[in-house]
Amino acid sequence: MSRITPISLDGIPELDGVEAMYESVFGFVPNGVRIMARRPGIVEGFLHLRRSVFDPETSEVPLELKGLVGHIASKTAGCRYCQAHAIYGADRSGIDRARLDALWDFETSDLFDESERVALRCAVSAAAS
C-alpha cells in the first residue's frame, strides 16, 4: 500500500499527454507516476530517461530484449512492483512467450543467442549487487 496518495495528472500543464502515453503503453498510469506528479519536473525527467531507453530510433537493442532484461533484473532484485510492470509491459509489447518462459534458462536455451546471454548476465549481476 502506498504511503503517499497518488494524484490525478489532470490540470498539471507540464504533464499534458503523459496520461495518454501511459494508457497506450500499459493501459493505465502507474501509481509511481501519479505520486511523482506532485513534482512535475521529476515526471519529466523520468520520461526523458524512459524515452532514452525505450525509443527504438535511438537504440540498436530490440524492444523484446529490453523487456527480458527488465523482467530478469526485477526478479533478481526482488522488487515486486518492478516485476509487475516489467512483465506486463513485456507481455503487451508482444514478447515471444516461449522466450519469457525460458528466461531463467537463458544460459542453455537455444531460444537465446550469445549477445542476449551477455545482456541477461549483465542484468542479473547488476540487480544482484
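Tutor: Phenylalanine 46 is placed in helix H3; a helix here is a DSSP run of H or I with at least four residues, numbered from the N terminus. The model is predicted, so local features need pLDDT of at least 70 and side-chain atom pairs count only at pLDDT 80 or more, while totals for chains, interfaces and linings use all residues. Residues are numbered from 1 along each chain as its sequence is written, and side-chain values use heavy atoms, with hydrogens and water left out.

Phenylalanine 46 counts as partly exposed because its relative accessible area is 33%; buried means under 20%, exposed means over 50%, and partly exposed is in between, with a 1.4 Å probe and protein chains only. Together with Leu49, Val53, Phe54 and Leu63, Phe46 makes up a nonpolar patch on the surface, with about 420 Å² of accessible area in total. The areas come from the Shrake-Rupley method with a 1.4 Å probe, and for residues only the protein chains shown count as cover. A patch takes residues with over 30% relative accessible area and no salt bridge, joining nonpolar side chains (Val, Leu, Ile, Met, Phe, Trp, Tyr) within 5 Å and like charges within 9 Å. Helix H3, residues 40-54, gives the most to the patch, with 4 residues.

Next come the charged pairs. Side chains of opposite charge can pair when their charged atoms come close. A salt bridge is a side-chain nitrogen of Lys or Arg within 4 Å of a carboxyl oxygen of Asp or Glu, and the whole structure has 6 of them. In one of these, glutamate 19 pairs with arginine 34, with 3.5 Å between the closest N and O atoms. Glutamate 19 is in helix H1 (residues 18-25) and arginine 34 is in helix H2 (residues 31-36), so this pair ties together parts 15 residues apart in sequence. Arginine 34 is buried because its relative accessibility is 17%, whereas glutamate 19 is partly exposed at 25%.

Another salt bridge joins the side chains of glutamate 64 and arginine 99, at 3.1 Å from N to O. Glutamate 64 belongs to helix H4 and arginine 99 to helix H6, so parts 35 residues apart in sequence are tied together. Here arginine 99 is buried at 8% relative accessibility, and glutamate 64 is partly exposed at 26%.

Helix H4 (63-77) is also among what covers the buried residues of H5. Those residues of H5 are Gln83, His85, Ala86 and Ala90.

Further along, the side chains of glutamate 107 and arginine 121 meet in a salt bridge at 2.7 Å, N to O. Glutamate 107 is in the loop between H6 and H7 and arginine 121 is in helix H7, 14 residues apart. Glu107 and Arg121 also belong to a network of salt bridges that includes Glu114 and Arg117. Arg117 is touched by serine 109, as is Ala102, not counting residues up to four places away in sequence; contact means heavy atoms within 4.5 Å. Serine 109 lies in the loop between helix H6 (97-101) and helix H7 (114-128), and is buried because its relative accessible area is 12%.

Last, the cysteines. A disulfide is a pair of cysteine sulfur atoms within 2.5 Å, and the structure has 0 disulfides. Cysteine 82 is in none, since the nearest cysteine sulfur, in cysteine 79, is 3.0 Å away.

Methods
Helix = DSSP H or I, 4+ residues; strand = E, 2+ residues; numbered from the N terminus.
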